[in-house]
Amino acid sequence: MRIATLCGMGFGTSMILKLTIDDIFKAEGISGHQIIPWDLGSFKGQKADLVVAPIDMKSHLKQSSIKVVYIKNLVDKVEIKQKILAALKELEG
């Protein structure tokens, strides 16, 4: 599965999300997923199975046909873990 982590510009937020998801997957014994940090402009036209983005990007992604997980608090590992694991369960059936 290809997972995109997004931020508005640069790579700060997307890299924080990527590293947090990497840690969650390692702790949960989950492997085989490619996690790619992108800024919103670079992401357009790319393919992903799941997008993880801050809640303030919702207006930019509302037309997306890809499953999007919105994060309210980027340093809340519990929120990120719950939302990511729920999305994986949904996507992987």
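This is a predicted model: local features need pLDDT of at least 70, side-chain atom pairs count only at pLDDT 80 or more; totals for chains, interfaces and linings use all residues.
Residues are numbered from 1 along each chain as its sequence is written, and side-chain values use heavy atoms, with hydrogens and water left out.

**Entry 1: glutamate 79 and lysine 83**

I placed both residues in helix 4, 4 residues apart, about one turn of the helix. Helix 4 covers residues 77-92; helices (H or I, at least four residues) and strands (E, at least two) are DSSP runs, numbered from the N terminus. I then checked accessibility, where buried means under 20% relative accessible area, exposed over 50% and partly exposed in between (1.4 Å probe, protein chains only). Glutamate 79 is buried at 10%, whereas lysine 83 is partly exposed at 29%. I also found the side chain of glutamate 79 at 2.7 Å from the backbone nitrogen of lysine 72. Leaving aside neighbours within four places in sequence, glutamate 79 is in contact (heavy atoms within 4.5 Å) with Tyr70, Ile71, Lys72 and Asn73.

**Entry 2: other salt bridges**

I searched the whole structure and recorded 4 salt bridges. One of them joins glutamate 28 to lysine 81, with the closest N and O atoms 2.9 Å apart. Glutamate 28 lies in helix 1 and lysine 81 in helix 4, so this pair ties together parts that are 53 residues apart in sequence. I found glutamate 28 partly exposed at 39% and lysine 81 partly exposed at 34%.

I also recorded lysine 67 with glutamate 90, where the closest N and O atoms are 3.3 Å apart. Lysine 67 belongs to strand 4 (residues 67-71) and glutamate 90 to helix 4, so the pair ties together parts 23 residues apart in sequence. Lysine 67 is partly exposed at 27%, while glutamate 90 is exposed at 53%.

**Entry 3: aspartate 39**

Where does aspartate 39 lie? I located aspartate 39 in strand 2 (residues 34-39). Aspartate 39 is buried yet has no salt bridge, and the nearest side chain of opposite charge, that of lysine 44, is 9.1 Å away. For charge, Lys and Arg count as positive and Asp and Glu as negative, while His and the chain ends are not counted. I found the aspartate 39 side chain reaching the backbone nitrogen of glycine 41 at 3.1 Å. Not counting residues up to four places away in sequence, aspartate 39 touches Leu6, Cys7, Gly8, Met9, Gly10 and Phe11.

**Entry 4: leucine 61**

Is leucine 61 buried or exposed? I found leucine 61 buried, with a relative accessible area of 6%. Leucine 61 is part of helix 3 (residues 58-61). Its contacts, not counting residues up to four places away in sequence, are Leu6, Leu40, Val51, Ala53, Val68 and Tyr70.

Technical notes
A polar contact is a pair of N or O atoms within 3.5 Å; within protein, one must be able to donate a hydrogen and the other to accept it, and residues adjacent in sequence count only if both atoms are side-chain atoms.
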